[in-house]
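Here is a short note to read beside the model. Keep the structure open and look up each residue as it comes.

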Amino acid sequence: MSKETTATFTSPFDSLAKSPAWLRGCGIVLAGSAFAALCAHVSLPLFFTPVPLSLAPFAVLVLGLALSPRMAAATFAAYLLEGAAGLPVFASSPATGGLAHLFGPTGGYLLAYPLAAALISFLFRRSRRGYFSAFASAAIGDLLILSCGALWLAAITHIAVMQATALAVLPFLAGDALKIAAAAAVRSGVDRLRHRAA
């Protein structure tokens, strides 16, 4: 095979690397919002609270640890816009859909996602980037999500903040601790693989 022939072969990854930055950014945002939608649909309604048990916060934690603050915020802003436009990206709810979902009992969690993802990214990138740094950054972001969820629920249902906390925070603490640990493990595992490949 001649040199002229071999020079025509290129990897798909080569063309991706040479694509404009805005195009790569759009791809990351769309892939991240799709991942968030998949996680959101892994949900379990609970009879004692209007807030379902969902993997959506796990997506926030993972992408917050994986992306830059700006990209993390953009990903979840796109996710909210997709849901507001009526795309089936939120956890299923028989009562609300589309834009109305953002004003329902889980609206506080959803609206906190862009800020929480950016905060997680910001904190992690200014840390030593080990497992415990990832865990702490994700835990702070998750606390922000839970706090916003409880405050929102208290506001729209006109109940006391402590009662809203009992409905919107306490039932999810154990599960969220597992999500935080798993997200931190994913990030530290990816970092270890990169160091081995380097």
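How many residues does helix 3 have, and how far does helix 3 reach from its first C-alpha to its last?

1. Ground rules. This is a predicted model, where local features need pLDDT of at least 70, side-chain atom pairs count only at pLDDT 80 or more, and totals for chains, interfaces and linings use all residues. Residues are numbered from 1 along each chain as its sequence is written, and side-chain values use heavy atoms, leaving out hydrogens and water.

2. Helix 3. Helix 3 (residues 21-40) has 20 residues and reaches 28 Å from first C-alpha to last. That is close to the expected 28 Å (1.5 Å times one less than the number of residues). Helices here are DSSP runs of H or I with at least four residues, strands are runs of E with at least two, and both are numbered from the N terminus.

3. Its buried side. In helix 3, Gly-25, Val-29, Gly-32, Ser-33, Ala-36, Ala-37, Cys-39 and Ala-40 are buried. They cover an arc of only 160 degrees around the axis, so they sit on the same side of helix 3 (the arc is taken from the directions from the helix axis to the C-beta atoms). Buried means under 20% relative accessible area, exposed over 50%, and partly exposed in between, with a 1.4 Å probe and protein chains only. Leu-30 and Leu-38 are exposed on the face turned away.

4. The core. The largest nonpolar core has 45 residues. Such a core is a set of buried Ala, Val, Leu, Ile, Met, Phe, Trp, Tyr and Cys residues joined through side-chain atoms within 4.5 Å. Helix 3 and helix 8 are among the helices that each supply at least two residues. Phe-76 is one of the residues with the most contacts inside this core. Beyond four places in sequence, Phe-76 touches residues including Ala-36, Val-60 and Tyr-113 (contact means heavy atoms within 4.5 Å).

5. Aromatic rings. The whole structure has 8 aromatic pairs. Rings of Phe, Tyr and Trp (its six-membered ring) pair if their centres lie within 6.5 Å; planes under 30 degrees apart are stacked, over 60 edge-to-face, the rest tilted. Phe-47 and Phe-48 have ring centres 5.2 Å apart and planes at 85 degrees, so this pair is edge-to-face. Tyr-131 and Phe-135 have centres 6.2 Å apart and planes at 40 degrees, so they are tilted. These two are 4 residues apart in helix 8, about one helical turn.

6. Cysteines. The structure holds 0 disulfides (pairs of cysteine sulfur atoms within 2.5 Å). Cys-39 is buried at 7%; Cys-148 is partly exposed at 27%.
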